[in-house]
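Please walk through this structure with the model open beside the text.

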Amino acid sequence: METQNSLPDISQTLTFKAPILKVWDAVSTSKGLSTWFMPNDLEAVVGHEFKLDAGPFGVQTCIVKEVEAPNRISFSWGVHWTLTILLNELADNETECTLIHAGWRTDIVEHGMPHAAIRERMNDGWAGIHRALGKFVEA
């Protein structure tokens with residue numbers, strides 16, 4: 001739900017030369033997610049509470065919100081954010097992968113920074129993280 005204090009979601013889409021089930025395994029298992037994102041104890045079960053080790057930003061609590069194998073997984077991240085990963089199977093063993101990082105607000109400060117500044121950094125960061133996912137699944 002958009003409010004006057006909302007900032008736009010971060011949304012990035014890439015196409016990987018990998019079958020959807022390989023990409024699904026990379027985004028929906030603890031081992032897969034740890035390889036390209038952050039150490040975690042994810043289980044792709046709605047309601048499962050898990051931890052992401054965000055290094056200098058500490059261990060973050062997450063809760064799995066949606067699982068529609070092999071096309072969608074969504075989880076809350078910390079207090080305000082939601083991360084959703086959408087997969088779409090394409091021809092020739094390719095998979096379109098969209099990352100959506102939602103929950104940005106103009107009236108929130110985290111880690112001593114306003115959300116707008118964190119969002120800008122994370123937008124750039126997600127580009128690299130998303131490419132890391134692609135390298136992992138294309139290997």
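Helices (H or I, at least four residues) and strands (E, at least two) are DSSP runs, numbered from the N terminus. By that scheme, arginine 72 belongs to strand E4. The model is predicted, so local features need pLDDT of at least 70 and side-chain atom pairs count only at pLDDT 80 or more, while totals for chains, interfaces and linings use all residues. Residues are numbered from 1 along each chain as its sequence is written, and side-chain values use heavy atoms, with hydrogens and water left out.

Arginine 72 is partly exposed because its relative accessible area is 24%. Its side chain and that of glutamate 66 are joined by a polar contact of 3.1 Å. A polar contact is a pair of N or O atoms within 3.5 Å; within protein, one must be able to donate a hydrogen and the other to accept it, and residues adjacent in sequence count only if both atoms are side-chain atoms. Contact in the wider sense means heavy atoms within 4.5 Å. Neighbours within four places in sequence aside, arginine 72 is in contact with Trp24, Glu66, Val67, Thr84, Ile85 and Leu86.

One of these, threonine 84, sits in strand E5 and counts as buried because its relative accessibility is 8%. The side chain of threonine 84 makes a polar contact of 2.9 Å with the side chain of serine 74. Apart from neighbours within four places in sequence, the contacts of threonine 84 are Arg72, Ile73, Ser74, Thr98, Leu99 and Ile100.

Most residues other than glycine have a negative phi, and most peptide bonds are trans. The bond from alanine 69 to proline 70 is cis, with omega near -5 degrees; proline 70 is in the loop between strand E3 (59-68) and strand E4 (72-77). In the loop between strand E5 (81-90) and strand E6 (94-102) lies aspartate 92, which has a positive phi of about 60 degrees although it is not a glycine. Asparagine 93 is in the loop between E5 and E6 as well, and its phi is positive too, near 55 degrees. Aspartate 92 counts as exposed because its relative accessibility is 74%; asparagine 93 is exposed, with a relative accessible area of 53%.

Next comes strand E1 (residues 10-16), where isoleucine 10 is found. Isoleucine 10 counts as buried because its relative accessibility is 2%. Not counting residues up to four places away in sequence, isoleucine 10 touches Leu99, Ile100, His101, Trp104, Arg119, Met122, Asn123 and Trp126.

Histidine 115 lies in helix H3 (residues 115-138). Beyond four places in sequence, histidine 115 is in contact with residues including Leu7, His80, Trp81 and Trp104.

What lines the largest pocket? The lining is made of Met38, Ala54, Pro56, Phe57, Gln60, Trp77, Trp81, His111, Met113, Ile118, Arg121 and Met122. A pocket is found on a 1 Å grid over the protein atoms alone, as an open set of points where a 1.4 Å probe fits, with protein on both sides within 12 Å along at least five of seven lines; lining residues have an atom within 4 Å of a point. About 270 Å³ of space lies in the largest pocket, a volume being the space filled by probe spheres set on the points, which are joined across faces, edges and corners. H3 gives the most to the lining, with three residues.

The structure holds seven aromatic pairs. Rings of Phe, Tyr and Trp (its six-membered ring) pair if their centres lie within 6.5 Å; planes under 30 degrees apart count as stacked, over 60 as edge-to-face and the rest as tilted. Phenylalanine 37 and tryptophan 126 are stacked, because their ring centres are 5.1 Å apart and their planes are at 25 degrees. Phenylalanine 37 lies in the loop between helix H2 (30-36) and strand E2 (49-53) and tryptophan 126 in helix H3, so the pair ties together parts that are 89 residues apart in sequence. Both phenylalanine 37 and tryptophan 126 are buried. Trp36, Phe37, Trp77, Trp81, Trp104 and Trp126 form one aromatic cluster.

Terms used: Buried means under 20% relative accessible area, exposed over 50%, partly exposed in between (1.4 Å probe, protein chains only).
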